[in-house]
Amino acid sequence: MSTVRLILLDIEGTTLPISFVKDVLFPYSDKVMPELLLEQADNPLVKVALADIEAANPGCDPLAQLHDWTVHDEKVAPLKSLQGLAWKTGFETGALKARLYPDVAPALEAWHKSGLRLAVYSSGSASAQRLLYGYSDAGDLTSLFEAFYDLDIGGKKIAESYREIASRAGVAPGEILFLSDIGAELDAAAEAGLRTCQLVRPEDGTVAHQGVRQAADFQSVSQQFELPVS
Ligand SMILES: CSCCC(=O)C(=O)COP(=O)(O)O
Ligand SMILES: [Mg+2]
């Protein structure tokens, strides 16, 4: 079996609890969204997102559409882009701080120190990913990661997205270990030739997916894949 050279990490349900996203991040962005759309109407990111919302649902009320997508946790680019903008002020002012699972930062530091390459692949926008790891309860961890991939690369349940990440990283798919809580994402990554492990976090009540390795935390990931431990 090939050596793992790069570890690709999902966020929600993998490095931080789903409850932090649902109970802290989503209510925060929902609350500040009306003001954001007014104050940043000239921001090109806002203009593109509003055009995408109109294209997805012509004639809709953008705020109502964004709220509906949030309630249903839809992983759609205009919502993810605007949420990233909304959370920026929250993280920068200290109103928000990412609550990582306690096993995450020690493992990331040990893996990075040993020369393993680390990258993020999340539905959250790349700028939101940087905020989250920049303002975490374990400090600023952004320098541990070489890349932050989001939905711009393609959907997380599509094998081609993982082929593209492998190609951009210049690593053979079989040398990448993808960690996620979602079975369909792990299946797509495996189809592209990546090695995979499902994080089955008790706090998140993750349902174990058939035919894939499972770990309750990053220490277990290290043991199963013979990676350095913290
Ligand atoms: C910076 S990610 C914040 C959480 C989020 O919005 C999200 O959609 C997470 O999705 P993931 O692909 O990491 O499960
Ligand atoms: Mg996830």
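Helices are DSSP runs of at least four residues, numbered from the N terminus. In this predicted model, helix H2 spans residues 44-56 and includes Leu45. Leu45 has 15 C-beta neighbours inside 10 Å, so this residue counts as partly exposed; a buried residue would need 20 or more, an exposed one 12 or fewer. Contacts of Leu45 beyond four places in sequence are with Ser81 and Leu85. Leu82 lies 37 residues from Leu45 in sequence, yet the C-alpha to C-alpha separation is 7.7 Å.

A helix pair was examined next. The axes of helix H1 (residues 18-39) and helix H3 (residues 62-71) come within 11 Å. They cross at roughly 170°. H1 is therefore roughly antiparallel to H3, as angles over 145 degrees count as such. On the H1 side, the contact involves Phe26, Asp30, Met33, Pro34 and Leu37. H3 contributes Pro62, Leu63, Leu66, His67 and Thr70. By class, seven of the residues in the contact of H1 with H3 are nonpolar, two are polar and one is charged.

The strands form an open sheet. Six strands take part, in the order E3-E2-E1-E4-E5-E6, with parallel pairing. Strand E3 (147-149) and strand E6 (214-215) are the edges, each pairing on one side only. Strand E1 (residues 6-9) and strand E2 (residues 117-121) run parallel and are joined by four bridges. Leu6 stands opposite Arg117 of E2. Elsewhere, helix H8 (residues 183-191) lies across strand E4 (176-180) and strand E5 (195-199). The angle of H8 to E5 is about 170°.

Notes: Residues are numbered from 1 along each chain as its sequence is written. Chains are lettered from A and ligands numbered from 1 in the order in which they are written. This is a predicted model: local features need pLDDT of at least 70, side-chain atom pairs count only at pLDDT 80 or more; totals for chains, interfaces and linings use all residues. Helices (H or I, at least four residues) and strands (E, at least two) are DSSP runs, numbered from the N terminus. Two residues are in contact if their C-beta atoms, placed from the backbone, lie within 7 Å. Axes are lines fitted to C-alpha atoms, for helices over the stretch in contact, and angles run from 0 to 180 degrees between N-to-C directions. Angles under 35 degrees count as roughly parallel, over 145 as roughly antiparallel, 65 to 115 as roughly perpendicular and the rest as oblique. Ala, Val, Leu, Ile, Met, Phe, Trp, Tyr, Cys and Pro count as nonpolar, Asp, Glu, Lys and Arg as charged, and the others, Gly among them, as polar. Two strands pair if DSSP finds at least two bridges between them.
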